[in-house]
Amino acid sequence: MNISEKKKNFKYSDNFFHNHVTFSESYFEFDKVPTERDSIEIAILGRSNVGKSTLINNLCMNKNLAFTSKRPGCTVSINFYKINQKIEKASKAEIFLVDLPGYGYARKGGQDIKKISNLINKYLIKRKQLIKIYLLIDSRVGLQPTDAEFINFFHQNNLEYQIVLTKIDKAKKVDLDNLDILLKSFFQGLDLAGNEILKVSAKEKINLDLLRNTMMEDFISSCKDD
Ligand SMILES: Nc1nc2c(ncn2[C@@H]2O[C@H](COP(=O)(O)OP(=O)(O)OP(=O)(O)O)[C@@H](O)[C@H]2O)c(=O)[nH]1
Ligand SMILES: [Mg+2]
């Protein structure tokens, strides 16, 4: 589906998120996450401070859902936000947005980085309910080596993903153009599976409707063969 076709469905997908999302639970260890839950999950991943939690709040139109901070290292647990809607084809499945801790930031020496990357990696590799990863990249900071490592990791492990550039309200046009060129060359050898790179601003609410729609379509299509 192209962007103009998607726009027709925005009302429906805005409503899918609006007032229907509640905090469910947090886990500091992957082994505590319930394994046999009948759920479908989209994870939000990215470097610390890229804007993951802010994006979740703005997608769900609820500023008080996820904790956000100017300082990096704010989210240190896996946080589940439940979308209280059902998908016809899988009427029993619970639907979650999952806010992951940010990578690349050490709060207390090197300890945290290792613990957090273990938590993220376990969730990404072991979670059967995970249908797609939305990898956020700060449009002002650009693609960092750790982001590239994750993208390679997705390909090695056949994980579905979508790249989202954040904070485009703050990026200069020239930086966005340069980042476009860099990403195009990075992805040349990799199959992006037809997914366009999305560019959003939570602050200025740019392309959030498109992002909601893309996520809703992911949830629906993950249930098609059930
Ligand atoms: N200008 C601008 N600032 C943003 C935007 N999104 C988030 N921010 C700011 O970026 C900072 C970090 O936001 P968070 O949402 O806490 O980032 P995070 O990725 O969840 O960070 P961790 O939990 O540490 O991994 C905050 O000061 C936000 O206000 C945006 O679209 N535009
Ligand atoms: Mg956060």
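Visitor: Which backbone oxygen does the side chain of N58 reach?

Guide: A general point about helices comes first: an α-helix has 3.6 residues a turn, so residues three or four places apart point the same way. In this predicted model, N58 belongs to helix α3, residues 52–59. The side chain of N58 reaches the backbone oxygen of T54, at 2.8 Å.

Visitor: Is N58 buried or exposed?

Guide: The cut-off needed here is that buried means under 20% relative accessible area. N58 has 14% relative accessibility and therefore counts as buried. Leaving aside residues up to four places away in sequence, N58 touches A202, K205, L208 and R212.

Visitor: How many of the residues of α3 are buried?

Guide: Seven of the eight residues of α3 are buried, and the helix is mostly covered. The buried residues are K52, S53, L55, I56, N57, N58 and L59. Their cover includes helices α2 (10–17) and α7, together with the strands β2, β3, β4 (94–99) and β5 (130–138).

Visitor: Where are K167 and N207 found?

Guide: K167 lies in the loop between β6 (161–166) and α6 (173–187). N207 is placed in the loop between β7 (198–199) and α7 (208–222). K167 counts as partly exposed because its relative accessibility is 21%. N207, at 31% relative accessibility, also counts as partly exposed.

Visitor: Which side chain forms a polar contact with that of N79?

Guide: The side chain of N79 is joined to that of S26 by a polar contact of 2.4 Å. N79 lies in strand β3, residues 78–83, and is buried, with a relative accessible area of 7%. Apart from residues up to four places away in sequence, N79 touches F23, E25, S26, L97, V98 and D99.

Visitor: How does one describe a pair of aromatic rings?

Guide: A pair of aromatic rings is described by the distance of the centres and the angle of the planes. A search of the whole structure finds eleven aromatic pairs. In the pair of F30 and Y123, the ring centres are 6.5 Å apart and the planes lie at 75°, so the pair is edge-to-face.

Visitor: Which parts of the chain does the pair of F30 and Y123 link?

Guide: The pair links distant parts of the chain, its two residues being 93 residues apart. F30 is in the loop between β1 (21–27) and β2 (39–46), and Y123 is in helix α4, residues 111–126. F30 and Y123 are both buried.

Visitor: Which residues do ring pairs link into a cluster?

Guide: Ring pairs join Y103, F150, F153, F154 and Y161 into a cluster. A ring may also be approached by a charge: the charged end of R37 sits over the ring of F80, 5.0 Å from the ring centre.

Visitor: How many residues surround ligand 1, and which are the closest?

Guide: Ligand 1 is surrounded by 22 residues, of which the closest are K52, T54, G73, T75 and D169.

Visitor: Which polar atoms of the protein lie at the oxygen atoms of ligand 1?

Guide: For S48, an N or O atom of the side chain is 3.4 Å from an oxygen atom of ligand 1. For G51, a backbone N or O atom lies 2.9 Å from an oxygen atom of the ligand. A polar backbone atom of G102 is 3.2 Å from an oxygen atom of ligand 1. Taken alone, ligand 1 exposes 660 Å², and the protein buries 89% of that area.

Visitor: How far apart are N213 and K199, in sequence and in space?

Guide: N213 and K199 are 14 residues apart in sequence, and their C-alpha atoms are 14 Å apart in space. N213 is found in helix α7, and N213 is buried, with a relative accessible area of 0%.

Technical notes. Residues numbered from 1 in each chain as written. Chains lettered and ligands numbered in written order. Predicted model: local features only at pLDDT ≥ 70, side-chain atom pairs only at ≥ 80, totals over all residues. Heavy atoms only, no water. Phe/Tyr/Trp six-rings, centres within 6.5 Å; stacked < 30°, edge-to-face > 60°. Helix = DSSP H or I, 4+ residues; strand = E, 2+ residues; numbered from the N terminus. Buried < 20%, exposed > 50% of the residue type's maximum accessible area, 1.4 Å probe, protein only. Lys NZ or Arg CZ within 6 Å of the ring centre and 35° of its normal. Near = heavy atom within 4 Å. Polar contact = N/O pair within 3.5 Å; in protein donor to acceptor, adjacent residues only side chain to side chain. Areas by Shrake-Rupley, 256 points an atom, 1.4 Å probe, with all protein chains shown as cover. Contact = heavy atoms within 4.5 Å.
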